Amino acid sequence: MEDYGACAIELNLSCPHAKGYGMEVGTDPALVRSIVSGTKDAVSIPVWAKLTPNTHILNEIGRAVEDGGGDAIVAINTLKAMVISPEFARPFLSNRFGGLSGPAVRSVGVRDIYDLYDAVSIPLVGVGGISDWRDAAQYIMAGARAFQVGSAVAKEGPEVFGKINRDLLDFMRDHGYGRISDMVGAAHD
Ligand SMILES: Cc1cc2nc3c(=O)[nH]c(=O)nc-3n(C[C@H](O)[C@H](O)[C@H](O)COP(=O)(O)O)c2cc1C
């Protein structure tokens with residue numbers, strides 16, 4: 001495979017509206033394992049797998065990533081959703097379904113990271129509805145070692161990253177957390 005100078009590959013096994021890839025393959029543990037291990041064989045940089053919340057076997061899928069040699073799990077992608085136009089009595093999106101993101105999905109993402117933390121040993125990256133330090137802290141305390149920000153960048157601009165980091169640092173100082181790793185999984189018994 002071509003070396004593009006990336007520091008990691010993030011496999012999207014989770015897009016909710018793609019035909020033949022994304023969530024369609026990402027909800028089958030055997031396929032997930034083979035995609036991850038095939039990618040690992042083909043590249044020399046870390047391979048992360050991004051998982052979908054649209055499944056009741058997330059832990060099994062997480063273990064398939066780990067068994068396939070995946071270096072980290074990113075969760076969550078969007079929730080499969082739809083909007084219907086009452087005037088036209090038709091789905092609003094031509095594809096019928098789309099992906100729900102932003103604050104509405106945060107509690108789902110936090111719970112998924114919380115579950116995965118007990119199911120796998122590889123690092124977790126939290127994403128879904130993070131727009132401030134409190135959201136990020138929830139993901140970290142659920143078990144994420146890092147977090148990503150999607151929709152909030154579109155709404156608030158790239159400044160949101162600096163703001164989250166500064167405010168998170170203030171929180172950590174006030175509560176005696178010296179480093180992120182001191183907070184990882186703190187919400188577990
Ligand atoms: C417009 C849009 C495009 C997206 N495209 C991708 C994509 O190409 N690959 C991917 O893995 N996730 C994609 N996502 C999912 C986001 O990366 C993220 O997992 C999800 O939106 C939840 O995070 P957020 O609430 O911070 O946006 C997309 C989300 C949105 C809203």
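In this predicted model, begin by selecting strand E8, residues 124-126, together with E9, and you will find that the two run parallel and are joined by two bridges. If you then pick out Gly126, you will see that Phe147 in E9 stands opposite it.

Next, select the whole sheet. In what order do its five strands lie? The order is E1-E2-E3-E8-E9, with parallel pairing, and the sheet is an open one. Strand E1 (9-12) and strand E9 (146-147) stand at the edges and have a single partner strand each, so one side of each is left without a neighbour in the sheet. As background, the strands of a sheet pair through backbone hydrogen bonds, and this pairing may be either parallel or antiparallel.

Move on to helix H2, residues 29-42, which lies across E1 and strand E2 (47-51) and runs at about 155° to E1.

Rolling a probe the size of a water molecule over the atoms shows where empty space is left. The largest pocket holds about 260 Å³ of space. Which residues lie closest to its centre? Of the 20 residues in its lining, these are Ser101, Gly102, Gly129, Gly150 and Ser151. Select helix H6, residues 151-156, as well, for this helix gives the most to the lining of the largest pocket, with four residues. Sorted by class, that lining has eight nonpolar, nine polar and three charged residues.

For the second largest pocket, with about 200 Å³ of space, select lining residues including Cys15, His17, Lys80, Asn95 and Arg96. Its lining divides into five nonpolar, two polar and four charged residues.

Stay with Arg96, which lies in the loop between E6 and strand E7 (98-100). Is this residue buried, partly exposed or exposed? Arg96 is partly exposed, with a relative accessible area of 48%. Its phi is positive, at about 70°, although Arg96 is not a glycine.

Finally, look at the backbone, remembering that most residues other than glycine have a negative phi and that most peptide bonds are trans. Ala89, in the loop between strand E5 (84-85) and strand E6 (90-91), has a positive phi near 50°. The peptide bond from Ala75 to Ile76 is cis, with omega near 15°, and Ile76 is found in the loop between E3 and strand E4 (79-81).

Conventions: Residues are numbered from 1 along each chain as its sequence is written. This is a predicted model: local features need pLDDT of at least 70, side-chain atom pairs count only at pLDDT 80 or more; totals for chains, interfaces and linings use all residues. Side-chain values use heavy atoms; hydrogens and water are left out. Two strands pair if DSSP finds at least two bridges between them. Contact means heavy atoms within 4.5 Å. Axes are lines fitted to C-alpha atoms, for helices over the stretch in contact, and angles run from 0 to 180 degrees between N-to-C directions. On a 1 Å grid over the protein atoms alone, a cavity is a set of points where a 1.4 Å probe fits but cannot get out, and a pocket is an open set with protein on both sides within 12 Å along at least five of seven lines; lining residues have an atom within 4 Å of a point. Grid points are joined across faces, edges and corners, and a volume is the space filled by probe spheres set on the points. Ala, Val, Leu, Ile, Met, Phe, Trp, Tyr, Cys and Pro count as nonpolar, Asp, Glu, Lys and Arg as charged, and the others, Gly among them, as polar. Buried means under 20% relative accessible area, exposed over 50%, partly exposed in between (1.4 Å probe, protein chains only).
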